[in-house]
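Please keep the 3D view open as you read.

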Amino acid sequence: MVSNNLYETAQRQFERAADLVDLPVAYRTILSSPKNEIIVNFPVLMDDGAYRLFRGYRIQHNNLLGPYKGGIRFSEYVDLDEVKALATWMTWKTALMGLPFGGAKGGITMDPRMHSRDELRRIVRRFTHALGNNIGPEHDIPAPDLGSNAEAMVWMMDTYANSVDGGQNVKRVVTGKTVECGGSVGRDKATGQGVAFCLAHHLELSGRAVSDVSIAIQGFGNVGEHTARVLTAMGARVIAIADMSGAIECSDGLDPESLWFHVNKTGGVVGYPDSRELSADEFFSVDADVLIPAAIENQITVDRVERIKASIIVEAANGPTTPEAELQLIERGVEILPDIIANAGGVVVSYFEWIQNKMSQQWSLATVDEELRKLMWDACDRVEERRLALRCSRRDAAYAVALDRLRTVYDQRGIFP
Ligand code: NAD
């Protein structure tokens, strides 16, 4: 039976790439498990006066290249295997992008939409307190992910600052903060901007441009919305969008700004003026050149492969394609730009934020975007070069670049003691 367990998917991808690059057994053994798995249960006062127990996770996969780095997810579906998979992917992502970070991920099992702002603040603060010194500006640096946002990162930073000696000086314990509280300009759109750079670079290889393609995006949260905005600004036609409320199609192309107002007013994309409502399966059948999953994992499954008309899939979400679906899509000639490169813009600009905090600097948006473009294109080039040399999929090539870097550092440092 086909399993959609995310950690099994991550393990299978790693094993395949490790075989491909002939990774020494010792490194393979180390990298096949997270270093630390932290689970905290903590009580939080609800608005009605009752206490509720919450469960939170911080999985620290690897810190060979630098402090652990990765987002904090708020979702009712967060569980240990999901966070382990996401943490593992962060190790490959930071290695591939050449950042001085390792990989981690965290999460709290709760639906943020079911809580008032006051409850959310108490949940985030209590979680951060429970993590204590398991995070730190040179040790483990959280960031936003699905369901969390800049405001939650500010609460984390403030809680850490007030609980730890010297904490007031270390805003960089968390990235993805609001600009006023030490965040970087451009971090809010960074993942979407990176998706756009990655797609533009890929299209350029075959003499095309973003303005030549039509696009369908699943998800209109941080990543989906900014991806839609940036690509539209570059001349693309975004013709379909899906979110938790349903899916819509506007074959002439929709305006992300007015859709954003509609979503803010109504809670979802459905009902957007002059759009046609689609079922979830119809969304995957839309006649778009490029499909961008930017919501949750396991969305491109074997039963949806047949419907997909797009010839390019850009994985803005983490783990949106199951391994079986990927094989079938590749056989059909669909080009898949894998998550560990396509959505790396977020962690790259988190790195810029961390540097700016460290140096007490504030970069301009033009600098942030240009530095991000350089890192994204450079990583895309390295993946393409490796893909041609190894004659493998883009995902395997991206893993190969990441594993090469880790292997070189292990070779030089050795394994302690
Ligand atoms: P978000 O919470 O801001 O938005 C999620 C969006 O997905 C919402 O529009 C929601 O309605 C939609 N969605 C959720 N479940 C859905 C479903 N079953 N069908 C259709 N739509 C659904 O989250 P985000 O930060 O945009 O993250 C999206 C993805 O991108 C996740 O996989 C996350 O791990 C990944 N990612 C995020 C960042 C970041 O900087 N935020 C960085 C890298 C990768």
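Where is Asn298 found? Asn298 sits in the loop between β10 (290–293) and α10 (302–305). Helices here are DSSP runs of H or I with at least four residues, strands are runs of E with at least two, and both are numbered from the N terminus.

Before going further, a word on what you are looking at: this is a predicted model, in which local features need pLDDT of at least 70, side-chain atom pairs count only at pLDDT 80 or more, and totals for chains, interfaces and linings use all residues. Residues are numbered from 1 along each chain as its sequence is written, and side-chain values use heavy atoms, with hydrogens and water left out.

Back to Asn298, whose phi is near 55°, a positive value in a residue other than glycine. Most residues other than glycine have a negative phi, and most peptide bonds are trans. Asn298 counts as buried, at 17% relative accessibility. Buried means under 20% relative accessible area, exposed means over 50%, and partly exposed lies in between, with a 1.4 Å probe and protein chains only. Asp22, also not a glycine, has a positive phi of about 55°. You will find Asp22 in the loop between α1 (6–20) and α2 (25–31). With a relative accessible area of 57%, Asp22 is exposed.

The peptide bonds hold something to look at too. Phe416 and Pro417 are joined by a cis peptide bond, with omega about 5°. Pro417 belongs to the segment after α15 (394–413).

Now zoom out to the whole chain. It contains 15 helices and twelve strands. Its C-alpha atoms fill a box of roughly 55 × 55 × 50 Å, taken along the principal axes. For 417 residues, a compact globule would have a radius of gyration near 22 Å, and the 20 Å of this chain agrees with that. That radius is taken over C-alpha atoms, and the globule rule is 2.2 Å times the number of residues to the power 0.38. Of the 417 residues, 58% count as buried.

Ile123 lies in helix α4 (residues 117–131) and is buried, with a relative accessible area of 0%. Met110 is 13 residues from Ile123 in sequence, and their C-alpha atoms are 9.6 Å apart in space. Pro112 is in the loop between β4 (103–109) and α4, and it counts as buried at 16% relative accessibility. The C-alpha atoms of Pro112 and Ile123, eleven residues apart along the chain, are separated by 9.9 Å. Elsewhere, Arg382 is part of helix α14 (residues 365–390) and counts as partly exposed, at 28% relative accessibility. Between the C-alpha atoms of Arg382 and Ala398, which are 16 residues apart along the chain, the separation is 8.2 Å.

Finally, turn to the ligand. How many residues surround it? There are 21, and the closest are Arg73, Asp145, Gly147, Val223 and Asn318; a residue is near a molecule if one of its heavy atoms lies within 4 Å of it. By class, this shell has nine nonpolar, eight polar and four charged residues. Here Ala, Val, Leu, Ile, Met, Phe, Trp, Tyr, Cys and Pro count as nonpolar, Asp, Glu, Lys and Arg as charged, and the others, Gly among them, as polar. The shell draws at least three residues from each of domain 1 (34–170) and domain 2 (190–342), with bounds from an automatic or database domain assignment.

Which atoms approach the ligand's oxygen atoms? A polar side-chain atom of Arg73 lies 2.9 Å from an oxygen atom of the ligand. An N or O atom in the side chain of Thr191 is 2.9 Å from a ligand oxygen atom. Phe220 uses a backbone N or O atom, which lies 2.9 Å from an oxygen atom of the ligand. The protein covers 84% of the 830 Å² of accessible area that the ligand has on its own, computed by the Shrake-Rupley method with a 1.4 Å probe.

Note on methods
Polar contact = N/O pair within 3.5 Å; in protein donor to acceptor, adjacent residues only side chain to side chain.
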